[in-house]
Amino acid sequence: MATQHSRSVARLMMAPAVVLLLGWMLVPLTMTLYFSFKKYLPLRGGDLGWVGFDNYVRFVSSSSFWPAVQATLVIVGGVLVITVVLGILLAMLLDQPMWGQGVVRILVIAPFFVMPTVSALVWKNMFMDPVNGLLAHLWRFFGAEPISWLSEASMTSIIMIVSWQWLPFATLILLTAIQSLDSEQLEAAEMDGAPPLKRFYHIILPHLGRAITIVILIQTIFLLSIFAEIFVTTGGAFGTRTLTYLIFQRVLESQNVGLGSAGGVYAIILANIVAIFLMRIVGKNLDA
Amino acid sequence: MARTVTTRRKSLNTVLAWAVGLLIFFPILWTILTSFKTEAQAIASPPLFLNFDWTLENYAIVQERSDYMRFLWNSVIIAGGSTVLGVIIAVPAAWAMAFVPSKRTKDILLWMLSTKMLPAVGVLYPIYLLFIRLGLLDTRGGLVVVLMLINLPIIVWMLYTYFREIPGEILEAARMDGATLKEEILYVLTPMAIPGIASTVLLNFILAWNEAFWTLNLTAVDAAPLTAFIASYSSPEGLFFAKLSAASTMAIAPILILGWFSQKQLVRGLTFGAVK
């Protein structure tokens with residue numbers, strides 16, 4: 001049993017991490033809240049006084065708000081669907097006996113380690129360039145007119161790039177989950193004559209439920225704040241301005257800090273809604 | 001009982017899995033190949049796969065023109081510094097939570113995790129302003145601190161899940177034998193914790209290396225790491241495929257190699273122990 005002494009030592013050992021994170025959370029959060037109630041334009045007059053909820057109203061009533069919400073939802077939703085569906089298929093494939101499994105695993109995981117600016121730039125230029133990109137070559141090879149990916153099919157392009165980056169993550173987690181599946185259960189079902197599709201729906205999918213939930217929640221949190229992929233490719237043009245990018249533009253590009261901060265508060269609320277669900281699952285796991 | 005698999009089925013799996021694997025890996029492979037071409041060969045039509053004159057000139061040009069080594073050094077300092085600092089702060093905290101748990105331990109852990117969910121853009125201006133006021137803008141020290149704080153929850157969590165697997169009885173036994181707290185940590189716990197700490201360091205180094213929100217927004221010239229170095233190629237005058245590829249290859253090569261070692265820890269680290 002822990003003594004009183006070891007308890008106070010433990011508290012002391014936790015103190016630096018707790019204090020630092022508390023500061024990291026409270027100081028900027030308080031400042032964002034403070035600015036969000038002010039008309040604050042650093043380059044055009046500075047602090048112009050309190051404005052109540054004006055920034056909050058203006059942020060949601062601006063013409064760029066709903067398109068940004070839509071862009072965010074389409075990107076997050078699109079990437080989630082692609083990575084989860086392909087992730088399940090890929091995880092099941094990688095779980096099968098084969099030669100060189102370790103190498104294939106490495107090939108599949110590799111994109112996750114590519115820094116976002118690199119993957120965005122490589123896709124933008126070497127694959128999606130309408131003249132010299134590899135996809136343009138491929139299109140011409142089949143006699144089709146090459147597509148200006150990032151202007152004509154901007155959302156599809158961004159979703160492709162981000163999915164490529166996150167597919168390894170989904171695959172790896174789902175593979176880990178599949179490998180913990182009791183193979184005897186599957187064999188029993190197989191012997192009882194259950195066809196593959198039935199085995200998938202009744203045994204594999206339910207077993208993966210929790211892993212899929214975790215993939216969705218964690219990816220959502222990261223995907224809500226993707227930045228470099230848009231910064232490097234379209235710069236928010238062609239309908240790819242997400243909520244994160246819109247706030248970035250308000251704050252740093254047009255230096256309307258009050259308005260941007262109100263947007264930031266919205267983003268924080270949104271992320272917290274997702275986070276609550278994730279924390280519940282993680283918290284349950286702690287008790288086990 | 002292991003499932004019996006026919007050679008035919010295994011061959012089929014192998015072919016399919018390799019095809020998919022290579023397809024996913026292809027953009028990286030293509031970037032590496034292109035980095036060894038001349039600019040003319042890089043945009044040749046039809047594209048050249050292996051039948052070109054391999055050259056290293058792009059690497060030399062990129063280094064010469066943009067001083068790659070300086071960006072690399074910044075990346076190493078920022079990613080390494082933030083990871084080491086984070087681990088130094090997190091080890092005592094995780095140790096305390098794993099071995100002297102109290103009723104509040106779970107709440108503290110979950111609260112730490114919740115700080116990780118804070119969208120960066122929501123606090124962009126405050127941090128930007130604080131950086132200007134404190135003279136930290138475009139300094140490596142400033143980024144070390146910010147990236148350390150961003151990754152601290154993950155570091156604490158990973159270490160906590162590893163420490164929890166160390167049987168408490170061993171510590172009890174050491175205590176019975178009269179080991180002081182210092183001896184306990186130094187001679188009993190540390191050797192057993194080293195693999196976990198190593199995995200934590202590895203994964204967080206990778207995360208910090210690839211971080212591209214704060215590194216792009218809080219640096220200009222002096223402290224710019226490889227993420228910013230690559231982003232500078234997005235301007236039209238930098239549109240040379242071979243050089244872009246050489247720069248990209250140099251930016252991702254160190255992490256690809258480290259990443260191979262960390263693939264097992266990736267799952268545990270990024271799911272906060274919820275999937276192992």
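**Figure 1. Buried residues of helix α6 of chain B in a predicted model.** Helix α6 covers residues 124-133 of chain B, and its buried residues are B:Leu124, B:Tyr125, B:Pro126, B:Ile127 and B:Phe131. A residue is buried if 20 or more other C-beta atoms, placed from the backbone, lie within 10 Å of its own. Helices are DSSP runs of H or I with at least four residues, strands are runs of E with at least two, and both are numbered from the N terminus. After α6(B) comes B:Gly135, which has a positive phi near 65°. Residues are numbered from 1 along each chain as its sequence is written, and chains are lettered from A and ligands numbered from 1 in the order in which they are written. Because the model is predicted, local features need pLDDT of at least 70 and side-chain atom pairs count only at pLDDT 80 or more, while totals for chains, interfaces and linings use all residues.

**Figure 2. Helix α5 of chain A against helix α1 of chain B.** The axes of α5(A) (residues 116-127) and α1(B) (residues 7-34) come within 11 Å and cross at roughly 70°; axes are lines fitted to C-alpha atoms over the stretch in contact, with angles running from 0 to 180 degrees between N-to-C directions. The two helices are therefore roughly perpendicular, a term for angles of 65 to 115 degrees. On α5(A) the contact is made by A:Val122, A:Trp123, A:Met126 and A:Phe127, and on α1(B) by B:Pro27, B:Trp30, B:Thr31 and B:Thr34. Contact requires C-beta atoms, placed from the backbone, within 7 Å. Six of these residues are nonpolar, two are polar and none is charged. Ala, Val, Leu, Ile, Met, Phe, Trp, Tyr, Cys and Pro count as nonpolar, Asp, Glu, Lys and Arg as charged, and the others, Gly among them, as polar.

**Figure 3. The contact between chain A and chain B.** Chain A brings 88 residues to the contact and chain B brings 87 residues. On the chain A side, helix α1 (residues 4-36) gives the most, with 18 residues. That side consists of 68 nonpolar, 18 polar and two charged residues.

**Figure 4. B:Ala94 in the largest nonpolar core.** A nonpolar core is a set of buried Ala, Val, Leu, Ile, Met, Phe, Trp, Tyr and Cys residues joined through C-beta atoms within 7 Å. The largest has 166 residues, of which A:Ile173, B:Ala90, B:Ala94 and B:Val156 touch the most other members. Helix α7 of chain B (residues 140-164) gives the most to this core, with 17 residues. Leaving aside neighbours within four places in sequence, B:Ala94 is in contact with B:Val156, B:Leu159, B:Tyr160 and B:Phe163.

Technical notes
Angles under 35 degrees count as roughly parallel, over 145 as roughly antiparallel, 65 to 115 as roughly perpendicular and the rest as oblique. Two residues are in contact if their C-beta atoms, placed from the backbone, lie within 7 Å. A residue is buried if 20 or more other C-beta atoms lie within 10 Å of its own, exposed if 12 or fewer, and partly exposed in between; C-beta atoms are placed from the backbone.
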